[in-house]
Amino acid sequence: MKKILCLVCLLAVAVAGSGQQIIKETHLYGVKGSDSLYLDKYTSRALQPGGPSPCFIFMFGGGFFTGQRDGKGYIPYFEFLVRNGYTVVSIDYRLGLKPIATGEVQVSSGRKGLIGKIRTAKSFVGIFQNTIEIAVEDLFDATAFVLDHVQKWGIDPARIIANGSSAGAITVLQGEYSICNGLEVAARLPAGFNYAGVVSFAGAVFADSRDIAFNTVPCPMMLFHGDADSNVPYDKIRKFGMGFFGSKHIAAKLTAIKAPHVFYSVENADHRIAASPMTDNREDILSFLEKFVHGGERLIIDTDVDQLDVAGRKKKFKIADYIRSNFGGGQ
C-alpha cells in the first residue's frame with residue numbers, strides 16, 4: 001500500500017478591503033494509479049475564535065477532461081465564502097474523458113462521425129458512466145479526508161456542503177443520489193454521513209434506468225440551470241435504457257417527495273450558468289445556506305428568471321448534440 005504523503009503549503013493572501021487574511025493549505029488526499037489527487041483548503045484566522053466552521057467542498061468544471069481546482073475564476077468565489085464564515089476545500093478528481101479530449105480516443109459528433117474507437121453515442125455512454133463513477137469515488141474520498149481532519153482544521157462535520165460547477169455539479173448531485181439510494185460507492189463515507197447541503201451549477205444525475213427516484217429524502221439542494229444548455233441536460237434525455245436527468249427533472253422529483261430545495265432556472269441561458277452564480281448569485285447562495293442548511297427551514301422555492309433582452313435559443317437536444325457541444329467544437 002502506497003504511503004500517502006501530505007504536502008502542506010501555507011500561503012497567506014491579503015484580501016483587499018476585507019481586513020482578513022485568506023490562508024491556503026494544499027494537501028495530498030489520495031493516489032489513484034498514476035493520479036496524485038490534491039485539495040486546497042482556504043480559511044481565515046478570523047474563523048478560529050468562533051468555533052468550528054461550516055465547510056464547502058468544491059469540484060471544478062471542465063467536461064471531465066479539463067479544469068483545475070485553483071482556476072482563477074473560482075478564487076474570488078472561494079474568498080467570498082471564507083469572508084462569510086466558511087472553510088472552502090477545492091479538490092482534484094480523476095478526469096475520465098481526458099483521453100477523448102487529447103485525441104487518444106475520438107467520439108462521433110453526428111453524421112460526419114470522427115474516426116476512432118468510439119463510433120456511436122451508445123459506446124460513449126458507457127465511458128461516461130464510468131467517468132462519473134470514479135469522480136464520485138474521489139469526491140467521497142476527499143470528504144472522508146476532511147472528516148478525518150475536522151478537529152485539527154476547526155470544521156463542523158455536520159455542516160459540510162458539496163458544491164460543483166458543470167462536471168463538478170454532476171458529480172456532487174450523483175454523490176448525493178448515491179447516498180440516498182445506498183449505492184456501493186457510498187460505503188467510502190462514514191456510516192450515517194450525509195452532506196448538509198448541495199449547491200449545483202448546471203448539473204445532472206446519470207442513471208442506468210429510465211428514471212430516477214430518491215429512496216431517502218436528500219439533503220437540501222440548490223439547483224442552478226439554464227433551459228438552453230446544450231452541454232448538460234436541463235430536463236432529461238433517455239436512450240439505450242439509460243437516462244441523464246438535469247435540474248428541472250431533479251427539482252420535480254424533489255417536489256414530489258416534499259424535499260426542501262431551491263430551483264433557480266434561467267430562460268434562454270446556455271451553459272454559462274455553470275459559472276455565473278459564483279458572481280451573480282452569491283447572496284442567493286448565502287440565503288439558501290442561512291435558511292435551509294443552518295436554519296433547517298423546510299421550503300421549496302422555484303425562481304424562473306426571464307431574460308427580456310436575450311433572444312430565444314434552441315432548447316431540444318439529442319445525445320449527439322451534447323457530445324458535439326462538449327467535444328466536437330474543440331471546447
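These legends describe close-up views of a predicted model. Local features need pLDDT of at least 70, side-chain atom pairs count only at pLDDT 80 or more, and totals for chains, interfaces and linings use all residues. Residues are numbered from 1 along each chain as its sequence is written, and side-chain values use heavy atoms, with hydrogens and water left out.

**View A. The largest pocket.** Its volume is about 420 Å³. Of the 18 residues in the lining, E133, Q174, S178, L183 and V185 are the closest to the centre. Two or more lining residues come from each of α3 (121-148), α5 (167-180) and β8 (204-207). Helix α3 gives the most, seven residues. By class, the lining has eight nonpolar, five polar and five charged residues. (A pocket is an open set of points on a 1 Å grid over the protein atoms alone, where a 1.4 Å probe fits, with protein on both sides within 12 Å along at least five of seven lines; lining residues have an atom within 4 Å of a point.)

View B. S200 lies in strand β7, residues 197-201. S200 counts as buried because its relative accessibility is 0%; buried means under 20% relative accessible area with a 1.4 Å probe, protein chains only. Leaving aside residues up to four places away in sequence, S200 touches G164, A169, L173, M222, L223 and F224, where contact means heavy atoms within 4.5 Å.

**View C. Helix α8 and the residue G296.** Within α8 (residues 282-294), the buried residues are R282, I285, L286, F288, L289, F292 and V293. An α-helix has 3.6 residues a turn, so residues three or four places apart point the same way. G296, which follows α8, has a positive phi near 65 degrees.

How values were computed:
Points joined across faces, edges and corners; volume = space filled by probe spheres on them. Helix = DSSP H or I, 4+ residues; strand = E, 2+ residues; numbered from the N terminus. Nonpolar A, V, L, I, M, F, W, Y, C, P; charged D, E, K, R; others polar. Buried < 20%, exposed > 50% of the residue type's maximum accessible area, 1.4 Å probe, protein only.
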